[in-house]
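Dear colleague,

Please find below the structure that I am handing over to you.

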Amino acid sequence: MIMKLYITTPSPFARKVRIVAREKGLADRVEEIVVDPYADAPELLSTNPVVQVPTLIAADGLPLTDSPVIAEYLDALGSGPRLLPTEGAERLRVKRLETQANAALEMGVKLVLEKRRPEQERSPSWIARWTVNMGRALDALETAAPDAEALDMGVLTAGIAVTWIGFRHPDYDWKTGRPNLVALQAALEQRPSFIDTFPR
């Protein structure tokens with residue numbers, strides 16, 4: 001059965017599962033369907049009550065939501081080494097890095113949504129808070145020094161995070177003082193799975 005993956009092309013969370021599908025040799029088993037979640041796309045609403053991307057209709061027809069859940073499912077289903085270890089300290093290490101990268105993304109998404117509000121309705125204090133927190137999350141990733149040569153779920157999520165932040169927040173300087181993340185992005189964005197899913 002061909003699985004259906006509902007996405008938007010700019011979404012970093014959708015990009016994550018699209019990259020995992022490619023890295024695990026599943027691209028020909030996943031049909032990517034671009035939807036507008038803000039328009040309550042009927043095909044997405046029928047499978048995800050909160051109308052968010054990514055949403056995957058799995059091989060058995062079960063809808064899966066939330067990018068870490070979908071990514072882990074595809075990781076187990078596909079071929080090659082596991083991107084997320086199944087147990088022990090190594091799994092915890094990878095999940096910790098993945099969580100730090102997701103935190104940076106979540107702060108960035110909050111900023112995007114807040115700045116889309118009419119100017120008189122925006123909260124300068126929340127914008128300042130989320131900007132600081134995004135920087136702190138990036139600093140934690142920099143300290144962790146993810147290695148593009150040791151690709152796992154945490155490493156690829158960190159790479160996705162910095163590219164998306166540069167894409168959505170072009171005036172935010174995420175590179176200065178973070179040479180490890182700069183090197184990570186440069187290396188990962190040369191991989192076919194990253195080139196094929198670059199945010200647009």
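The unreviewed UniProt entry lists residues 1-82 as "domain: GST N-terminal"; UniProt positions are given in the numbering used here, feature names are shortened, and annotations may be inferred rather than shown by experiment. This is a predicted model, in which local features need pLDDT of at least 70 and side-chain atom pairs count only at pLDDT 80 or more, while totals for chains, interfaces and linings use all residues. Residues are numbered from 1 along each chain as its sequence is written, and side-chain values use heavy atoms, with hydrogens and water left out.

Residues 1-82 are 33% helix and 20% strand (DSSP runs numbered from the N terminus: helices are H or I of at least four residues, strands E of at least two). Four strands form an open, mixed sheet in the order β2-β1-β3-β4, where pairing requires at least two DSSP bridges between two strands. Strand β1 (residues 3-7) pairs with β2 in the parallel sense over five bridges, and K4 stands opposite E31 in β2.

Helix α1 (residues 12-23) lies across β1 and β2, at about 145 degrees to β1. Axes are lines fitted to C-alpha atoms, for helices over the stretch in contact, and angles run from 0 to 180 degrees between N-to-C directions.

Helix α1 also meets helix α6 (residues 153-168): P12, R15, K16, I19 and V20 in α1 contact M153, L156, T157, I160, T163 and W164 in α6 (contact means heavy atoms within 4.5 Å).

Yours sincerely
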